[in-house]
Amino acid sequence: MTDRSTDNTTAQTHLELQNLVKEYPGGTMAVDDISLSLPRGELLVLVGPSGCGKSTTLRCIAGLEEPTAGDILIGGESMVGRRPEEREIAMVFQNYALYPHKTARQNIGFGLRMTTDLPDEEVRNQVERVAETLGITDLLEKKPGSLSGGQQQRVALGRAIVRDPAVFLLDEPLSNLDATLRTQMRTEIQQLQRDLEVTTVYVTHDQTEAMTIGDRIAVLRDGHLQQLGRPMACYREPANRFVASFIGEPSMNLLECRVAAGDEALVGPVAYPIDDTLAAAAAEADGRDVTLGVRPEVPTLLGPEEDDSGPSFPGRIDVVEPVGERSFVYVTLDDGPQLTVAVPGRPPAREGTPVRVQIPRDGVHIFDGQTGEALHHPAHSELEGRVPTSTPGGD
Ligand code: ADP
């Protein structure tokens, strides 16, 4: 196994996108100047809402789309202009794209037969080795129609990895599976990718999937790269309001307010004292509109009479959603906006109850009201190292 804690700055770049642009006929700018580099063996997730350019980026890497501008390098060599089969990539799609009239064995072996002149026996050996890795040896003589969704996806993965690709591309590979199988396959793909040490780009619109599977994630919006970093770094230090609200479930609360007196945020009737760590940003934003970002896990709910030592906002509980080990409490503040608060265990109070939402001063993010950029973001993105194997998604 490669050492996944290797620092990005020293690890050898294996796949690189340089100022990639893809404009479709008709003027849709699907990918707008994206640059990324992956060290060998990394699993990078492209994540973002539908239509943000994830699949187009992947299809450009695969050679299924020709970029309008920019370059794609694998092992330092430009791939632009090369046919897909000349790129040493393997791709797995959401819909599996298996040949219905071929058995699993024939489906897995097909690519090998087309792209190599290996003797039949060697093809058979390799197919069986891959089938064993994926736990589908018993299914090799079956056709896709008699396989479950999860089994079909394993065959599709087998067909991709049997070719020992330099780069592995996965486009929403789990979207057609039910929730339980999706979680199981997510772990399997992660393990497989680590065992094979193959540089991988994985596309999903699901931020939970991205957070749990990626060594790093690249968050896209409207064809633009918003942030590139380890999942927990993007969670803890979102570069802008979009990443802040896209990453994390439930979403970060965003409170529109104005900075006053150089160190307060006026949220309705409450003058919220901005933390000293944000003093410089607050002073610079004095008199301007900003957005305060508060993760649902951060506030504490207090009864109206409870002592509070920190800043708090009066409000009323609208809805309580118990979800097992924690509850989501939706509170409407006296001046209007609604906040989601995640509390451990059972709901603390009933719907309709007056509460105060206490938000610790060091628990907020602050975003420019105009641009949405984090005012205190320490330019995490390109400084990110690799995630240690033992804590996928951690930092
Ligand atoms: P995602 O994978 O993030 O959902 P896509 O890469 O599929 O996004 O699409 C990005 C944008 O490009 C969207 O606006 C989409 O409508 C547009 N698009 C995708 N494929 C084509 C195409 N073949 N022709 C024209 N526009 C396209």
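This report walks through the domains, sheets and ligand site of a predicted model.

## Ground rules

The model is predicted, so local features are held to pLDDT of at least 70 and side-chain atom pairs to pLDDT 80 or more, while totals for chains, interfaces and linings take in all residues. Numbering starts from 1 along each chain as its sequence is written, and side-chain values use heavy atoms, with hydrogens and water left out.

## Two domains

The protein splits into domain 1, covering 13–236, and domain 2, covering 251–381; these bounds come from an automatic or database domain assignment. Taken over C-alpha atoms, the centres of the two domains are 39 Å apart.

For angles in general, axes are lines fitted to C-alpha atoms, for helices over the stretch in contact, and values run from 0 to 180 degrees between N-to-C directions.

Strand 9 (residues 216–221) runs antiparallel to strand 10, joined by 5 bridges. Ala218 has Leu228 in strand 10 as its bridge partner.

## Around the ligand

Which residues are around the ligand? They are Tyr24, Thr28, Ala30, Pro49, Ser50, Gly51, Cys52, Gly53, Lys54, Ser55 and Thr56, with a heavy atom within 4 Å as the cut-off. Helix 1 supplies the largest share of this shell, 3 residues.

Now for the polar contacts, meaning pairs of N or O atoms within 3.5 Å. A backbone N or O atom of Cys52 lies 3.1 Å from a ligand oxygen atom, and a polar backbone atom of Gly53 lies 3.0 Å from an oxygen atom of the ligand. Lys54 uses its side chain instead, with a polar atom 2.9 Å from a ligand oxygen. On its own the ligand has 560 Å² of accessible area, and the protein covers 59% of that; the areas come from the Shrake-Rupley method with a 1.4 Å probe.

A second open sheet has 5 strands, ordered 15-19-16-17-18, with antiparallel pairing. Strand 15 (300–302) and strand 18 (338–344) are the edge strands, each pairing on one side only. The twist from one strand to the next averages 45°. Within this sheet, strand 16 (residues 312–322) and strand 17 (residues 326–333) pair over 7 bridges, and Val319 finds its partner in Tyr330 of strand 17.

## Strand 11 and its partners

Strand 11 (residues 253–260) runs antiparallel to strand 14 (residues 289–294), with 6 bridges between them; Asn253 is bridged to Val294. Strand 11 also pairs with strand 12 (residues 264–267), again in the antiparallel sense, over 3 bridges, and here Val259 stands opposite Ala265. The hairpin of strand 11 and strand 12 has 3 residues between the strands, and Ala261 takes a positive phi near 55°.

Note on methods:
Pairing = 2+ DSSP bridges. Helix = DSSP H or I, 4+ residues; strand = E, 2+ residues; numbered from the N terminus. Polar contact = N/O pair within 3.5 Å; in protein donor to acceptor, adjacent residues only side chain to side chain.
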